[in-house]
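Please open the model in your viewer and keep the sequence panel beside it, as this tour moves from one selection to the next.

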Amino acid sequence: IIDDNYDFITTRACGDVMNSGQFLVKNTPWTKAFLNEWYSEKYKIPHTQPGADNGALIEMIADNPHFMEKIK
């Protein structure tokens with residue numbers, strides 16, 4: 001199912017916004033680093049806010065555009 005050129009596959013919600021509610025990942029060092037960064041203190045948003053996980057993902061990608069090389 002996962003394209004050999006990508007380690008993280010996600011869906012899109014409205015327009016061009018990634019949907020963090022649905023994704024597939026390969027078990028690779030890149031993916032482990034990506035998930036650790038996403039869950040790091042830098043991108044912590046209070047869990048009481050709707051869409052906190054999605055907002056953190058979008059912010060992280062904006063800060064690290066090179067991540068898109070492995071995301072489909």
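**Starting at F67**

Select F67 first: leaving aside residues up to four places away in sequence, F67 touches W30, F34, E37, M60 and I61, where contact means heavy atoms within 4.5 Å. This is a predicted model, in which local features need pLDDT of at least 70, side-chain atom pairs count only at pLDDT 80 or more, and totals for chains, interfaces and linings use all residues. Residues are numbered from 1 along each chain as its sequence is written, and side-chain values use heavy atoms, with hydrogens and water left out.

Next, select F8, M18, F34, W38, Y43, A56, L57, M60, I61, F67 and I71, the eleven residues of the largest nonpolar core, a core being a set of buried Ala, Val, Leu, Ile, Met, Phe, Trp, Tyr and Cys residues joined through side-chain atoms within 4.5 Å. Its largest share, four residues, comes from α2.

Now show helix α1, residues 29-38, whose buried residues are T31, F34 and W38; buried means under 20% relative accessible area, exposed over 50%, and partly exposed in between (1.4 Å probe, protein chains only), while helices (H or I, at least four residues) and strands (E, at least two) are DSSP runs, numbered from the N terminus. Viewed down the axis of α1, these buried residues fall within an arc of 60°, so they line one face of the helix, the arc being that of the directions from the helix axis to the C-beta atoms. On the other side of α1, P29 and N36 are exposed.

Finally, select V25 in strand β2, which counts as partly exposed at 36% relative accessibility.
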